[in-house]
Amino acid sequence: MACVNICPKQCIEMKPGKLGHLYPAVNQNECIDCKLCHKICPENNGSLSLNYPLTAYAAWHKVESDYLTSTSGGAATAFAQYVLRNGGVVYGCASSKGIHIEHVRVASEADVVLLKGSKYVQSFIGDVYRQIRQDLNGGLMVLFIGTPCQCAGLRSFLRKGYENLYCVDLICHGVPSQELLKSHVGKVSMKRGELVQFRKGNDMGLRIFDNENRQIYYSNVWYERFKDAYYNTFIDGYTYRDSCYRCRYANPSRCSDVTIGDFWGLGDDLEHDNVNGCSCILPVTEKGAELVKNSELELHERPVDEAVRGNAQLRTPKAETGRIKLFRAIYRAIGIKRAYLLCETDNIFVLKFVKPVKRRLGL
Ligand SMILES: Cc1cc2nc3c(=O)[nH]c(=O)nc-3n(C[C@H](O)[C@H](O)[C@H](O)COP(=O)(O)OP(=O)(O)OC[C@H]3O[C@@H](n4cnc5c(N)ncnc54)[C@H](O)[C@@H]3O)c2cc1C
């Protein structure tokens, strides 16, 4: 959405494609052909530098309550608190308006809770890049946390470096669309879902809460693999945006100041809480390294290679296998309900037909 933010005529709208992901559409009647949208799109300009991390840390928040309420080790929360305590503002992903998942501006520590937790869906950026530029030009310290492509979009939109900006990206293996999430929540919860939560530490549970914060739905993808089709197909990489399968940021070299994720593959020489999660922190710039050291985190230095070996998304994007292509072809042609059938590997009837259908479609 860098193009939407840069457009001087504000004539670019995000419209859903066949799988519900958003794509820019230019209103040609309003367009003045300035080509700014093309110039700043990180997909079109390959000039954004990617840098290899300076080091790696296994880490967790020093405050237990913050640690226990975060997805991995609470690194994102610790960075946000540091910036807010120093008079800055934080932009991150919240599910504050029902299950509409979007990036918001947080200016007080009490609101950091809005950003906690991974939302396994494409977050809506809105006009956040423009708000960030305004804050940066006003001299505020700004922290932006998002997927690598969102960080690349922000850097590209800004068109110059800012000393007062910290950019933190997530190790990311791809995003389903909000359209898909909304239809799923409608189907699985009897009452209207008001808030979704995807996981806490190693508990890969999809939870839906009502407007009085009562949990009205729960499914854990590790224990009941095929109960929740949305979560199951997310984990196995069926429902991502097309661009995720050729993501140039799924790479050991990174586009931000700091990269965070789970420390998969962490050696057992380091004693840590295996149940509630552990952050992998990769400082990439000197400024990022300072942010890490100044935050309220227990840090254990590790070789970068250990993090890269343990986490496939630090090496390569999710491969679009023949089966994934078939799923997407069915989804596009006749809808998600039939496509989901393909992922229930227990379904012998479906499996019997996978190979011949794939052959016919040339996949
Ligand atoms: C779509 C997605 C895919 C991921 N895939 C992997 C993976 O394959 N391997 C891995 O190691 N880690 C992955 N992660 C990262 C991991 O789940 C944690 O988000 C990360 O470790 C931060 O945890 P924390 O405890 O530091 O932060 P928390 O306190 O849990 O905060 C999460 C932070 O992530 C941001 N965020 C949450 N959802 C989104 C979103 N949809 N879009 C943009 N920003 C968001 C919030 O702004 C917040 O700052 C993924 C995250 C997302 C959102």
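Helices (H or I, at least four residues) and strands (E, at least two residues) are DSSP runs, numbered from the N terminus. The model shown is predicted, and for this reason local features need pLDDT of at least 70 and side-chain atom pairs count only at pLDDT 80 or more, while totals for chains, interfaces and linings use all residues. Residues are numbered from 1 along each chain as its sequence is written, and side-chain values use heavy atoms, with hydrogens and water left out.

View 1. Asp135 belongs to helix 5, which covers residues 128–137. With a relative accessibility of 11%, Asp135 counts as buried, where buried means under 20% relative accessible area, exposed over 50%, and partly exposed in between (1.4 Å probe, protein chains only). Although Asp135 and Gly88 are 47 residues apart along the chain, their C-alpha atoms are separated by 9.1 Å.

**View 2. The shell of residues around the ligand.** The shell holds 37 residues, of which Thr71, Ser72, Ser118, Lys119 and Ile171 come nearest to the ligand; a residue counts as near a molecule if one of its heavy atoms lies within 4 Å of it. Helix 4 (75–85), strand 4 (89–97), strand 6 (142–146) and strand 11 (258–262) each contribute at least two residues to this shell. By class, the shell divides into 13 nonpolar, 20 polar and 4 charged residues, given that Ala, Val, Leu, Ile, Met, Phe, Trp, Tyr, Cys and Pro count as nonpolar, Asp, Glu, Lys and Arg as charged, and the others, Gly among them, as polar.

**View 3. Polar contacts between the ligand and the protein.** A polar contact is a pair of N or O atoms within 3.5 Å; within protein, one atom must be able to donate a hydrogen and the other to accept it, and residues adjacent in sequence count only if both atoms are side-chain atoms. The side chain of Ser70 places an N or O atom 3.3 Å from an oxygen atom of the ligand, while a backbone N or O atom of Gly73 lies 3.5 Å from a ligand oxygen. A polar backbone atom of Ala76 is found 3.0 Å from an oxygen atom of the ligand. Taken alone, the ligand exposes 910 Å², and the protein buries 98% of that area; accessible areas come from the Shrake-Rupley method with a 1.4 Å probe, and for residues only the protein chains shown count as cover.

**View 4. The aromatic pair of Phe327 and Tyr340.** Rings of Phe, Tyr and Trp (its six-membered ring) pair if their centres lie within 6.5 Å, and planes under 30 degrees apart count as stacked, over 60 as edge-to-face and the rest as tilted. By this rule the model has 12 aromatic pairs. The rings of Phe327 and Tyr340 have centres 6.4 Å apart and planes at 50°, so this pair is tilted. The pair joins distant parts of the chain, since Phe327 lies in helix 11 (residues 322–334) and Tyr340 in helix 12 (residues 336–341), 13 residues apart. Phe327 is buried at 0% relative accessibility, and Tyr340 is buried as well, with a relative accessible area of 11%.

View 5. His21 is placed in the loop between strand 1 (12–16) and strand 2 (22–26), and its relative accessibility of 1% makes it buried. The side chain of His21 reaches the backbone oxygen of Val175 at 2.9 Å, and a polar atom of this His21 side chain also lies 3.2 Å from the backbone nitrogen of Arg241. Arg241 in turn lies over the face of Tyr23, at 4.1 Å from the ring centre; a charge sits over a ring if NZ of Lys or CZ of Arg is within 6 Å of the ring centre and within 35 degrees of the ring normal.

**View 6. Ser256 between Asp169 and Val258.** Ser256 lies in the loop between helix 8 (229–235) and strand 11, and it counts as buried at 5% relative accessibility. The side chains of Ser256 and Asp169 make a polar contact at 2.6 Å, and a polar atom of the Ser256 side chain lies 3.0 Å from the backbone oxygen of Val258.
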